[in-house]
Amino acid sequence: MRLEPVGDTTGWYIWAGEYSDADDFFVPLHTEHVDEWDPKIKKYLGLAPGWRFLIAEDVEDVWFDEQLLDQK
């Protein structure tokens, strides 16, 4: 999901596996390392804030979520 960028961040929050509310769930990943981590996501990183994408075994979905723009 992509929120509005803050400071020097891109606004992207990307995770794999089951989501967790743990404080340390999201780990910073510099875009320089995307190809090493999972090259399939690279084509989505140009999406504007408010967009989400989901990639799974047999699923690839992209959608706009206006509620992401209300995040503070």
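Modeller: One term first: a strand is a DSSP run of E of at least two residues, a helix is a run of H or I of at least four, and both are numbered from the N terminus. Also note that this is a predicted model.

Biologist: In what order do the elements of the protein run from the N terminus on?
Modeller: The protein has 1 helix and 2 strands. The helix, α1, covers residues 34-37, β1 covers residues 51-56, and β2 covers 59-64. Read from the N terminus, the order is α-β-β.

Biologist: What is the radius of gyration of the protein?
Modeller: Along its principal axes, the C-alpha trace spans about 30 × 25 × 25 Å. For 72 residues the globule rule gives 11 Å, and the value for this protein is close to that, so the protein is as compact as a globular protein of that length. The radius of gyration is 12 Å.

Biologist: What percentage of the 72 residues is buried?
Modeller: The protein exposes about 5,900 Å², and carbon and sulfur atoms supply 50% of that area. To count as buried, a residue must have under 20% relative accessible area. The buried share of the 72 residues is 18%.

Biologist: Which strand gives the most to the lining of the second largest pocket?
Modeller: This pocket holds about 440 Å³ of space. It is lined by 16 residues, with W15, A16, F53, L54 and I55 the closest to its centre. By class the lining has 12 nonpolar, 1 polar and 3 charged residues. The element that contributes the most, with 5 residues, is strand β1.

Biologist: Is D65 buried or exposed?
Modeller: D65 is found in the segment after β2. Beyond four places in sequence it touches G50 and R52. The cut-off for burial is under 20% relative accessible area. D65 has 15%, so it is buried.

Biologist: How far apart in space are D24 and G50, C-alpha to C-alpha?
Modeller: D24 lies in the segment before α1. Its relative accessible area is 61%, and because exposed means over 50%, D24 counts as exposed. D24 and G50 are 26 residues apart in sequence, and their C-alpha separation is 23 Å.

Biologist: And what is the relative accessibility of A22?
Modeller: A22 is also placed in the segment before α1. From A22 to A56 there are 34 residues in sequence and 22 Å in space, C-alpha to C-alpha. A22 counts as partly exposed, at a relative accessibility of 37%.

Biologist: Of the contacts with a separation of 6 or more, what percentage is accounted for by residues 24 or more positions apart?
Modeller: A contact here means heavy atoms within 4.5 Å. Of the contacts in the protein with a separation of 6 or more, the share from residues 24 or more positions apart is 28%.

Definitions and conventions
Residues are numbered from 1 along each chain as its sequence is written. This is a predicted model: local features need pLDDT of at least 70, side-chain atom pairs count only at pLDDT 80 or more; totals for chains, interfaces and linings use all residues. Side-chain values use heavy atoms; hydrogens and water are left out. Buried means under 20% relative accessible area, exposed over 50%, partly exposed in between (1.4 Å probe, protein chains only). On a 1 Å grid over the protein atoms alone, a cavity is a set of points where a 1.4 Å probe fits but cannot get out, and a pocket is an open set with protein on both sides within 12 Å along at least five of seven lines; lining residues have an atom within 4 Å of a point. Grid points are joined across faces, edges and corners, and a volume is the space filled by probe spheres set on the points. Ala, Val, Leu, Ile, Met, Phe, Trp, Tyr, Cys and Pro count as nonpolar, Asp, Glu, Lys and Arg as charged, and the others, Gly among them, as polar. The radius of gyration is taken over C-alpha atoms; the globule rule is 2.2 Å times the number of residues to the power 0.38. Accessible areas come from the Shrake-Rupley method with a 1.4 Å probe; for residues, only the protein chains shown count as cover.
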